[in-house]
Amino acid sequence: VYLSVLLRPAVPAASAQTATIGAAVAVCRAVQELCGLELGIKWVNDLYYQGKKVCGILTEAGTDLESGRLEWLVVGIGLNLTVPEDHLPTDKATSLQLVAHGLPDSMTLRDMIAAHLVDGLRSRLADFEADPHREATRAMEEMRPVCWTLDKPCEAHFVDGTTLRGTALELNPDASLTIRDDNGNLHTVHTADVGVLPQ
């Protein structure tokens, strides 16, 4: 599934990160309900099954500089459905057909998951617009139990080329991640590529 959904939520721009988490949770729910698999979320936008990546999510937003509110938000979802093992880009990736049993044919499964995701995002958008703070809290509460990154050694790579290595401790209310480095110092990470290290 390659799916991009254009949203126009009437919420503050700071809520964009929460939308990414909401989309990740929506994918988890769709896969669990339709395929019987429990995925884990690697903060903040990748989904894994037993240590192998099965889905990636990217969001891009446009902001009204005067009001500070989102003008638009595109949620892009790429989910491996029926990719054969020899066509996967890395041995750290997998697809649903390789780990689930009794799935419908690929076209039917694709349409079912796409429809499920769009319905889930539509419902979340309505709730999000009604009360952004409540829905941000809800998204965090839903993500914590399935966040694959928490309590694991990790490495954060920032756009300026620096790296932070430590242990992921907590998801914060603003969707940031708290990492404790090897010296015991706490760092709040808002944007970075965070990888989970072998334990």
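## Strand pairing, helix packing and local geometry

In the hairpin that E4 and E5 form, four residues lie between the strands, and Gly68 adopts a positive phi near 75°. The model discussed here is predicted.

| Strand pair | Bridges | Facing residues |
|---|---|---|
| E1 and E5 | six bridges | Leu7 and Leu73 |
| E4 and E5 | 10 bridges | Gly56 and Gly78 |
| E3 and E4 | four bridges | Tyr48 and Lys53 |
| E2 and E3 | three bridges | Lys42 and Asp46 |

**Loops between the strands**

The peptide bond joining Trp43 to Val44 is cis, with omega at about 0°.

E3 and E4 form a further hairpin, with two residues between the strands. Gln50 is located in the loop between E3 and E4. Its phi is near 50°, which is a positive value in a residue other than glycine. In the hairpin of E4 and E5, by comparison, the residue with a positive phi is Gly68.

**The aromatic pair**

How many aromatic pairs does the structure hold? There is one aromatic pair in the structure. The ring centres of Tyr48 and Trp148 are 4.5 Å apart and the ring planes lie at 20°, so the pair is stacked. Such a pair of aromatic rings is described by two quantities, the distance of the centres and the angle of the planes.

The two residues come from distant parts of the chain, 100 residues apart: Tyr48 is in strand E3, while Trp148 is in the loop between helix H4 (132-143) and strand E6 (153-157). Tyr48 thus takes part in the stacked ring pair and also stands opposite Lys53 in E4.

Helix H3 (residues 106-130) is involved in contacts with both helix H1 and helix H4.

Helix H1 (residues 16-35) packs against H3 at an angle of about 140°, and the two axes are 9 Å apart. H1 and H3 are therefore oblique to each other. The crossing of H1 past H3 is right-handed. On the H1 side, the contact includes Thr18, Gly22, Ala23, Val25, Ala26 and Val27, while Leu109, Met112, Ile113 and His116 are among the residues contributed by H3. By class, the residues of this contact comprise 13 nonpolar, three polar and three charged.

What is the relative orientation of H3 and H4? Their axes come within 5 Å and cross at roughly 130°. That angle makes H3 oblique to H4. The contact is formed by Arg124, Asp127, Phe128, Glu129 and Ala130 of H3, together with Pro132, Arg134, Glu135, Arg138 and Glu142 of H4. Three of the residues in this contact are nonpolar, none is polar and seven are charged.

The composition of the contacts can be set side by side: that of H1 with H3 has 13 nonpolar and three charged residues, whereas that of H3 with H4 has three nonpolar and seven charged residues.

Note on methods. Residues are numbered from 1 along each chain as its sequence is written. This is a predicted model: local features need pLDDT of at least 70, side-chain atom pairs count only at pLDDT 80 or more; totals for chains, interfaces and linings use all residues. Side-chain values use heavy atoms; hydrogens and water are left out. Axes are lines fitted to C-alpha atoms, for helices over the stretch in contact, and angles run from 0 to 180 degrees between N-to-C directions. Angles under 35 degrees count as roughly parallel, over 145 as roughly antiparallel, 65 to 115 as roughly perpendicular and the rest as oblique. A crossing is left-handed if the near helix is turned anticlockwise from the far one by less than a right angle, and right-handed if clockwise. Contact means heavy atoms within 4.5 Å. Ala, Val, Leu, Ile, Met, Phe, Trp, Tyr, Cys and Pro count as nonpolar, Asp, Glu, Lys and Arg as charged, and the others, Gly among them, as polar. Two strands pair if DSSP finds at least two bridges between them. Rings of Phe, Tyr and Trp (its six-membered ring) pair if their centres lie within 6.5 Å; planes under 30 degrees apart count as stacked, over 60 as edge-to-face and the rest as tilted.
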